[in-house]
Amino acid sequence: MRFRDPHVHTLAGAFAMDALPSTERARFERHLARCPDCAREVAGLHETTARLAAASALAPPAALKQRVMAAAAATRQPAPGPEPRAAGTWAWRSRPRRLLTATAAAVVLVVAGIAVMFGVSAGSMHDQLSRAQDSSTQIAAVLTARDAAMMTGAVRGGGTVTVVASPSRAALVFSATGLPALPAARGYELWLVGPAGDRPAGMLPPARHGMTGPVVAAGLQPGDHLALTAEPSAGASRPTAPMMLDLVLLSSIPAGRVRRWDDDLRRPPMRYMLIHCIDEAEEQERGGVPAPGAPSIGSWLAEMDGRGVRLHGERLRYVSDATTVQVRGHEVMVSDGPFAETREQIAGYDVIDCADLDEAIEVASKHPAAWQGTIEVRPVAGRHCGDIVPVPGA
Amino acid sequence: MRPSGGLDPANQAGGGHGRAAPSLGDLIGRVARGDAAAFDVLYDQVAETVFGVVRRVVRDPAQSEEVTQEVLLEVWRQAHKFDHERGSAAAWVTTLAHRRAVDRVRSAQRESERERRTATADVPYDEVAEAVESSLEHERVRRCLGSLTELQRESVTLAYYGGYTYGQVASLLGVPPGTVKTRMRDALIRLRDCLGVAE
């Protein structure tokens, strides 16, 4: 189930305050399960509403404690914990075969969509540009391999994994959401299990806001399954705990059900919009003096126009000049001011044409707005939060 | 017990400090293993915050006690589901509490009464002014609410403390629902930054 409303993000605030009617709440919860960025934002907003709650603390009647304690003593707690052995299920996300006839553009978009799903794109840029580039290079090598195939599986005990595996690269990219938290001294370990024996394939990093990975596991052999166990944090050389996942990898999947894309196809350039976000008040205070060491806009324009990367772009006037328009029930509603009141404002944009996200990040990092504020890099006509681009004809 | 009697999520992040007061996250972990003594301590740490927020939304004292009891029993039963990777223990508990309270006031038998209240718009906007005590946390939140635009502040107050849906808030304030949705998000983001909430 997918939100078609492009403004779904704006529901995060209403959701965090339980201000959505129950049907919209349920829809947004389904959306959250597949949108790590939204889940992260909601987590931060829930920390905020916790402060609103704390500010209204009020002592309950003393007798309530005895009632609660008595009720708890009479209430059985459900027994959690992983079940002994669980066969993972995998579900193929899309139509077989038909993709093979898809246009080259769609192929590239699928790769971009998966890159977004794994958090390789703009989200990670906020953390560390260099690290993101480094890890996304390895990840991109697997994702763009001609024989890459994607599988998802359910983890016994909770959570969903998504795996893209490539036999030619002998590697897979693993990511998971909603894995249950482990005690401090334990961590999740990946295993490749198959004719070549059971081999450890790496400890997973701790989850951040319910999202684990992406990580690359190398050494993939024909006939391997992917397994997951909870082990001491130092890692084990062979699985000592019950398998929480047993995911059948490529070789066992009937050929017709494997989704492939071919990187021999000539890729048309990708279009991205660079959205410049700056703090207008701060800019006015500084009187237009650029950030120390920042490149000049003139040199950026000269380079990008020279490389043929930049299609068009403009600086925008301040948000005080903005007007918002909505049509509801054939009635045009116009108001002054920006769409949303935020600390940073959209100050300009550029639409660029480049080979891939890495180039888009490189282009953005040279723009002076990135030195002063933030540049959001958005693929044009991509899909939101890991939604795979629809297969043509499906 | 802290003097303020409230939950301070900012102080709940880490593990045990080896002092008399264990962190709420540790307590929930022990409660998940059936530790009734830990639940007793947990009650003292969270009861005032839970009751406070429930009382704000539900209003009726007797029903507020019922809902508070339901929330604490839910903590007892669901403690194993708490995941510190997803947020603080304080946020987990207050989110349970607020949702329970909202569900209670939106249940079918209350619907007609609330519609009447919505229609007459007879709701005090500045609910924070009613706060029972002026703890340090209360002062911080009040100051940050003061930094919001009027529309943002009213949206947050009516939704969070009043328990209204964004549609009801929109009709109370006479603005389009879409505007209320965006202002709610803007407001919480601004509050988050103002309160220095760690993401």
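This is a predicted model: local features need pLDDT of at least 70, side-chain atom pairs count only at pLDDT 80 or more; totals for chains, interfaces and linings use all residues.
# How the two chains meet and how their parts are named

User: Why is α3(A) called roughly perpendicular to α4(B)?

Analyst: Helix α3 (residues 36–54) of chain A and α4(B) pack at an angle of about 70°, with their axes 8 Å apart. Axes are lines fitted to C-alpha atoms, for helices over the stretch in contact, and angles run from 0 to 180 degrees between N-to-C directions. Angles under 35 degrees count as roughly parallel, over 145 as roughly antiparallel, 65 to 115 as roughly perpendicular and the rest as oblique, so α3(A) is roughly perpendicular to α4(B). Among the residues that meet there are His46(A) and Ala50(A) in α3(A), and Thr94(B) and His98(B) in α4(B); by class, this contact has five nonpolar, five polar and one charged residues.

User: How do you know that the length of α3(B) agrees with its 18 residues?

Analyst: Helices (H or I, at least four residues) and strands (E, at least two) are DSSP runs, numbered from the N terminus. The expected span of a helix is 1.5 Å times one less than its number of residues, so α3(B) should span 26 Å, and its end C-alpha atoms, 25 Å apart, agree with that.

User: Which elements do the buried residues of α3(B) pack against?

Analyst: A residue is buried if 20 or more other C-beta atoms lie within 10 Å of its own, exposed if 12 or fewer, and partly exposed in between, with C-beta atoms placed from the backbone. The buried residues of α3(B), including Val67(B), Leu72(B) and Trp76(B), pack against α4 (63–73) of chain A together with α1 (24–32), α2 and α4 of chain B.

User: Why is strand β2 of chain A described as largely enclosed by the rest of the structure?

Analyst: Six of the seven residues of β2 (residues 160–166) of chain A are buried, so this strand is largely enclosed.

User: What makes β1(A) and β2(A) a pair, and how many bridges join them?

Analyst: Two strands pair if DSSP finds at least two bridges between them, and β1 (residues 149–154) of chain A and β2(A) pair in the antiparallel sense over six bridges. They form a hairpin with five residues between them, and Gly157(A) in the turn has a positive phi of about 105°. On to the next strand, seven bridges join β2(A) to β3 (residues 171–177) of chain A, antiparallel again, with Ser175(A) as the bridge partner of Thr162(A).

User: Which strands are called the edges of the open sheet in chain A?

Analyst: The order of this four-stranded antiparallel sheet is β10-β13-β9-β14 (chain A), and its edge strands are β10 (310–315) and β14 (374–379) of chain A, each of which pairs on one side only.

Conventions:
Residues are numbered from 1 along each chain as its sequence is written. Chains are lettered from A and ligands numbered from 1 in the order in which they are written. Two residues are in contact if their C-beta atoms, placed from the backbone, lie within 7 Å. Ala, Val, Leu, Ile, Met, Phe, Trp, Tyr, Cys and Pro count as nonpolar, Asp, Glu, Lys and Arg as charged, and the others, Gly among them, as polar.
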